[in-house]
Number of protein chains: 2
Amino acid sequence: MTSIRKSPGDPSSASGCGLPVVPGFRAGGIHCGIKKDQKKDLVLLTSDPPARVAGLFTRNLFKAAPVLISQARVRSGRCKAVLINSGNANACTGEAGHQDAVAMSRWAAKALGIEEESILVASTGVVGERLPLARIRRALPALLRSLHPEGLVEASEAIRTTDRFAKSLCRQSVIGGKEVTLFGMAKGAGMICPNLATLLAFFLTDLNAPVAALRRLLKTGVEGSFNRIDVDGDASTNDTVLLLANGMAGNRSARPGTHEFEAFADLLFPFMDELASMIVQDGEGATKVVEIRIRAARSKADAKTLAYKLANSPLVKTSFYGEDINWGRLMVALGCAGPLLQPDKMDIFYDGVQVVRRGISAGKRQETLAKKVLRKDRFTLTIDLQVGKGNHSVVTSDLTHAYVTLNASYRT
Amino acid sequence: MTSIRKSPGDPSSASGCGLPVVPGFRAGGIHCGIKKDQKKDLVLLTSDPPARVAGLFTRNLFKAAPVLISQARVRSGRCKAVLINSGNANACTGEAGHQDAVAMSRWAAKALGIEEESILVASTGVVGERLPLARIRRALPALLRSLHPEGLVEASEAIRTTDRFAKSLCRQSVIGGKEVTLFGMAKGAGMICPNLATLLAFFLTDLNAPVAALRRLLKTGVEGSFNRIDVDGDASTNDTVLLLANGMAGNRSARPGTHEFEAFADLLFPFMDELASMIVQDGEGATKVVEIRIRAARSKADAKTLAYKLANSPLVKTSFYGEDINWGRLMVALGCAGPLLQPDKMDIFYDGVQVVRRGISAGKRQETLAKKVLRKDRFTLTIDLQVGKGNHSVVTSDLTHAYVTLNASYRT
């Protein structure tokens, strides 16, 4: 298995083997006038032959127009193209916004010479404003001209909003004797937990697999990656994750239960995890990535509740930023989260350093050692409750001055 | 009814009638060495004759030692003194911390010549550290000497932690032909929603009332004031609210159902609301106080969930700070809060200015008008869901650079 991994923000460093290419896929991105400053804001992905597709979408009650459209179309399991814009979410725009999304997908389908139902759409950016439709329409010929097999990294640049760097990965693996390529790109930023920023992620592969396999792979993969950096039910209006597979690799069909299915799962799951981790690293204003592990809660559900409670507490997140072993804040947050705890059984560790033993301080020396852990860019916070067998972990970022700056002036 | 209201941080401005006095009560505050910089950190309140008392305490599973002690003692309904320290919460300190709290209350009781069970204790400050008991013991003679009838405002100064200003109010009212005085002091700060900072509030009055009346008054009063600035279940380890009444006013007993009871309720409830509002105004780093009103949800419970969802969203709170009409963030947060909503029925107003009409923008002109509302120090955000009859409102503050600064370096 070769790995074509790029440094953040430096697509040219694609480890000497040129820009990543997935057989059959082309991508292009241009500036059409949604964003300011000539930044790219319109992206097209195409597959020839047509791809099979699986999709997961936001559970927010306010689903953006493109989500509603793609959610309906993805059920067919077939997809020839994906049209994405950044800078405007086309959310909370009512019936007019819905018509806008239908129109832009129709124009793109017509330009590509494909059926309207075989194109999916996704949008990210400001909520509540209408898209500049005329600009999008005018830009379509240039967008089509920009399509090329090596355009994937460019596309990952163009889907950014407040993301500091483009997030994409490419890997290859031999599956059932055939070389299979997997490319993924994502945009996220936002403080992720709570994730009110839009998550868009697109996975393109030449694997040959039936739609049922793709659906199962996507669901399991997202559960172990993007959903672990997210808050249950706390999702933006536009979250969209798609997995497209066009079969160009010519492998025996990766039906569930086959060796090919398992081999691709082994490729996909850590790949998704890595991409998800890049999103946390790029959390708005984030300076730290912290994995919060809840151990031995009464149940898995309790462990989840407690993990998200900490990941969402401004007091806990500012203590990460301040590199402050303020474990009292952890206790306070946990104690009012709901699940039953026994204070005198709880242990707390930063990486391997124990700071709380059976509910009380493990001593000043331990705190001094833990302080060194907190200075790191990445560390693990483990809460061992010792009241049951429920475990869960989430990955989160710190709450910083830069976060406030970014979000106090996002639109202005 | 006369009102003796002080400006924040300026106790001397007690409207020309001297420092507030509640007949029978004395108060004192000194520096004993818990806080740095010679700041006052130890407070004693006494009542002679003994007061009747009602108390409400945190629902956090990690209850600090003083909370456990006071919660047990308050059941007797009688109280002669309250000992309070700031700078150290004596929380998550295990059995040793419990013994510390017992010891300090025992010493104070002995010094005052009263039974140990008639003194209540409260602590606020850093969690997880032991109290400097020897310093507290040594300081008791000086603390007793500092007791005087006009010491109430001084005491309200000494219970501060990150509070920018002391919060106290004094009012008088003629009840059943007798002049009744009510004094209240509170400390809070923290971002309040979620309230992980400790709320301490003490209400002292010379009203004559049975314990049952005090309990009912406190419960109803707190529900409409402090609980409205707080998140259900999201409370610190040390939250304590006490209502002491020593009967010195000589009024006919204010039993529930009597005119006296109603008259005192009329005095107490707006008084509590005002003190609660001062806490929000003093929210750590806060520059704005925002009342969030949810109207016409399917149920009261739904309205509460939605109100707290907005009050706790960092994205919403930074948009207040940025004076940014980013109503999309409101929709996003509401859409994943859980309760059922109908996007195309929702109206949103900043004070009287409508920015969302039936789920979509009410137009640029409205946004420009609303922008002026957001520039104010205080405003109301109303979300009218039009799906039922459930209403709820909470009061919250914005999320600012100063909040991050304060909380990233609280202990360091």
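**Figure 1. Packing of helix H1 in chain B.** The buried residues of H1(B) pack against strand S3 (42-57), helix H2 (94-112), strand S5 (119-126) and strand S9 (240-245) of chain B. The model shown here and in the other views is predicted. H1(B) covers residues 65-73. Its buried positions are B:Ala65, B:Pro66, B:Val67, B:Ile69, B:Ser70 and B:Arg73. The general rule for an α-helix is 3.6 residues a turn, so residues three or four places apart point the same way.

**Figure 2. The side of chain B that touches chain A.** Here 52 residues of chain B are in contact with 52 residues of chain A. On the chain B side, the elements that give two or more residues are helix H8 (314-321), helix H9 (327-335), strand S13 (360-361) and helix H11 (401-408). H9(B) provides the largest share, 7 residues. By residue type, this side of chain B has 25 nonpolar, 21 polar and 6 charged residues.

**Figure 3. Helix H8 against helix H9 in chain B.** In general, two packed helices are described by the angle between their axes and the distance between the axes. The axes of H8(B) and H9(B) come within 9 Å. They cross at roughly 160°. An angle over 145 degrees counts as roughly antiparallel, and H8(B) and H9(B) are therefore roughly antiparallel to each other. The crossing of H8(B) past H9(B) is left-handed. H8(B) makes the contact through B:Leu315, B:Val316 and B:Ser319. From H9(B) come B:Arg329, B:Leu330 and B:Ala333. The contact residues of this pair are 4 nonpolar, 1 polar and 1 charged.

**Figure 4. Helix H7 against helix H9 in chain B.** H7(B) spans residues 300-311. Its axis and that of H9(B) come within 9 Å and cross at roughly 130°. The two helices are therefore oblique to each other. H7(B) passes H9(B) in a right-handed crossing. On H7(B), the contact residues are B:Leu306, B:Lys309 and B:Leu310. On H9(B), they are B:Leu330, B:Ala333 and B:Leu334. Of the residues in this contact, 5 are nonpolar, none is polar and 1 is charged. B:Leu330 and B:Ala333 also take part in the contact of H9(B) with H8(B).

**Figure 5. The two domains of chain A.** Chain A is divided into domain 1 (15-276) and domain 2 (289-408). The C-alpha centres of these domains of chain A lie 34 Å apart.

**Figure 6. Surroundings of A:Leu214.** This leucine belongs to helix H5 (residues 211-224) of chain A. The cut-off for a buried residue is 20 or more other C-beta atoms within 10 Å. A:Leu214 has 26 C-beta neighbours inside 10 Å and therefore counts as buried. Leaving aside residues up to four places away in sequence, A:Leu214 touches A:Arg52, A:Val53, A:Ala54, A:Ala209, A:Leu243 and A:Ala245. A:Val53 is 161 residues from A:Leu214 along the chain, yet their C-alpha atoms are separated by 6.8 Å.

Figure 7. In chain A, the bond joining A:Asp48 and A:Pro49 is cis, with omega about 10°. A:Pro49 lies in strand S3 (residues 42-57) of chain A. In chain B, a cis peptide bond joins B:Asp48 and B:Pro49, and omega is about 10°. B:Pro49 is part of strand S3 of chain B.

**Figure 8. A positive phi at A:Glu323.** Phi of A:Glu323 is near 55°, a positive value in a residue other than glycine. A:Glu323 sits in the loop between helix H8 (314-321) and helix H9 (327-335) of chain A. With 19 other C-beta atoms within 10 Å, A:Glu323 is partly exposed.

**Figure 9. A positive phi at B:Asp37.** B:Asp37 is not a glycine, but its phi is positive, near 60°. The loop that holds B:Asp37 runs between strand S2 (25-30) and S3 of chain B. Is B:Asp37 buried or exposed? B:Asp37 counts as exposed, because it has 5 C-beta neighbours inside 10 Å.

Technical notes: Residues are numbered from 1 along each chain as its sequence is written. Chains are lettered from A and ligands numbered from 1 in the order in which they are written. This is a predicted model: local features need pLDDT of at least 70, side-chain atom pairs count only at pLDDT 80 or more; totals for chains, interfaces and linings use all residues. Two residues are in contact if their C-beta atoms, placed from the backbone, lie within 7 Å. Helices (H or I, at least four residues) and strands (E, at least two) are DSSP runs, numbered from the N terminus. Ala, Val, Leu, Ile, Met, Phe, Trp, Tyr, Cys and Pro count as nonpolar, Asp, Glu, Lys and Arg as charged, and the others, Gly among them, as polar. A residue is buried if 20 or more other C-beta atoms lie within 10 Å of its own, exposed if 12 or fewer, and partly exposed in between; C-beta atoms are placed from the backbone. Axes are lines fitted to C-alpha atoms, for helices over the stretch in contact, and angles run from 0 to 180 degrees between N-to-C directions. Angles under 35 degrees count as roughly parallel, over 145 as roughly antiparallel, 65 to 115 as roughly perpendicular and the rest as oblique. A crossing is left-handed if the near helix is turned anticlockwise from the far one by less than a right angle, and right-handed if clockwise. Domain bounds come from an automatic or database domain assignment.
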